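Hi everyone, thanks for coming. I'd like to walk you through one structure today, so let me put it up on the screen.

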Amino acid sequence: MTVTGAPAPADLLVRAVQGMARPLFVLDDAWRFSYINPSGAALLGRTVAELVGRVVWEEFPEARGGDFERHYRHVAETGEPAGFEAWFAPLGVLFQVDAFRTDGGLVVTYDDVTARRRAEQAREEAAAAREVEAAHAAEAAAEAALAGRHLMLLGDISQAMTSTLDVEEAVHRFADRVVPTLADWCLVSVVEDGVRRDIGRAHSDPARQAAVDRYADLRVRTNRPNAPVPTSLCDGTPVVIQQLTDEVMTTMVGDARALEAVRALQPSAVAVYPLIAREELFGALTLVNGPDRGPFTDLELSTAAVASFRAALALDNARLAGAQVRVAERLQRSLLSEPVQPDQLEIAVRYRPATKGIAIGGDWYDAFQQPDGDTVLVIGDVVGHDLEAAATMGQLKTTVRAIAYDRQERPAQVLGRADRAVAGLGVATLATALVGRVGSAADRAGGRRLRWATAGHPVPMLLQPDGTVVELDAPVGPPLGTDWPGERADGVVDLLPGSTLLLFTDGLFERRTEDLDTGRARLRAAVAALAGEPLPDLCDGLLAELLAQGAEDDVALLAVRVHPGGR
């Protein structure tokens, strides 16, 4: 229409369509090109003269039977316009087509969108590639993180298990650490003297721990020979069952109650690794997954193999070290004889091995009577913490006892002779010692007289009948093993009835984190607080109070209480 409302002149419309950049053609009822603009002919690789009057299916037979014919016929028959994209192979072009029916025929406009669609496809493919790359990177990061957690687990197992010499504690620590990283729950078996015990027990869900304990209490005596643990212990090889069915479990469990207990835990996969160290098999690790977790991964199985090896080595070390400590402690205790109990004197002794570091050393005590009836008290500490120190302690104890019994001299003289004997006999050691001698005869007040001398040893404490704590003082000579040529001096004090003499090694009060004065002040306060206790209770109370956090060094304690008259 023109601005006046009149129809536009035909030549104006023709000129407008002729000059359109968008291709256009018109098909008549016989599917002949009745019109095509120059842009349309050029896009089809023809001229206007070559196409006008020609049948479209004859000029472009490749368009028959495809999207072009289907859409054109539908528009021609129904009058419904259509828009679509279609690939025309002879020209290598992707056309975007719009078709509508008019009184003058089927009008078709079209564009070449090949480049645009290729660019879009390239962008989509690039985006998809980036997504795939990101997914692979995320997967690799997740795998690396998981591998890192497994490495940390192995380090944690080694550290936790090597920090204790108690085999059962080490087994419990092992079980607690492998779940949930390697399995939903686990049991750790230990074989000692041919007897198997399921000691370690852990479940990732605390609410199901009781169910694990119920099954573990039944498992050892109800496992049939073909069960995973007996098989692994017999062959010394891992046993892995990735799909554990109820039928398989029934063949392995020989007791109805045990079968019910294990069914309650819903195991779906089990892996057992023998604990072997130094060619000795002494246990097994059992890992179990529930149905939600399913089969074990390759990483879990390889980590379990390494973990079982490290745990076996740590457990074996704990067993060997524990056995060595027990032997050494028995040796040391065998060298600490029971004290005498003279009339009017009550003697109590205590020995506490170190709980930190090596639990063996050279601390000793001794109490015996001389032929004249006097009581000799000895306490000492050999430098060092090992079997050699304990053996040297035995030599020194015998040397001091023999000299004191034979010579019946003053304590200072006994220490001087002992020092010369140690040097002369080539006993390579250094030790502190204190020798005291309590007279056999009571004075008129009913007490006794103590004479003592110290060779580098902590001075004793005296608990008076009124509860006062006194630190006894006397010249302190050099330790034994120095071959000191000088004179040693005695100290003398009266022991009143009801008083208590305390001789001890430095492990009772000395701490690495504080000075000696602070430690002795704490000891004095503890003695005063226990003043009214019977002698055995006083000794136990001192150890409990002063060694509550464990003994950094071994401790020897010798206490003497003076009673009026016979006890």
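Let's begin with cysteine 539, which counts as buried because its relative accessibility is 0%, under the 20% cut-off. This is a predicted model, by the way. Cysteine 186 also comes out at 0% relative accessibility, so that residue is buried as well.

Now to some helix packing. Helix 15 covers residues 516–529 and helix 16 covers residues 535–546; their axes come within 10 Å and cross at roughly 140°. That angle makes helix 15 oblique to helix 16, and the crossing is right-handed. Who touches whom here? On the helix 15 side you have Arg522, Leu523, Ala526 and Val527, and they meet Leu542, Glu545 and Leu546 of helix 16. Sorted by class, that contact holds five nonpolar residues, two charged ones and no polar ones.

My other pair is helix 8, residues 209–222, with helix 11, residues 256–264. Their axes cross at roughly 135° and come within 9 Å, which means helix 8 is oblique to helix 11. Is this crossing left-handed or right-handed? For helix 8 and helix 11 it is left-handed. Helix 8 brings Tyr215, Leu218, Arg221 and Thr222 to the contact, while helix 11 brings Arg257, Ala258, Ala261 and Val262. By class, you get five nonpolar residues, one polar and two charged in the contact of helix 8 with helix 11.

That's my tour, folks. Happy to chat!

How values were computed:
Residues numbered from 1 in each chain as written. Predicted model: local features only at pLDDT ≥ 70, side-chain atom pairs only at ≥ 80, totals over all residues. Heavy atoms only, no water. Buried < 20%, exposed > 50% of the residue type's maximum accessible area, 1.4 Å probe, protein only. Axes fitted to C-alpha atoms, helices over the stretch in contact; angles between N-to-C directions. Helix = DSSP H or I, 4+ residues; strand = E, 2+ residues; numbered from the N terminus. Parallel < 35°, antiparallel > 145°, perpendicular 65-115°, else oblique. Left-handed = near helix turned anticlockwise from the far one by under 90°. Contact = heavy atoms within 4.5 Å. Nonpolar A, V, L, I, M, F, W, Y, C, P; charged D, E, K, R; others polar.
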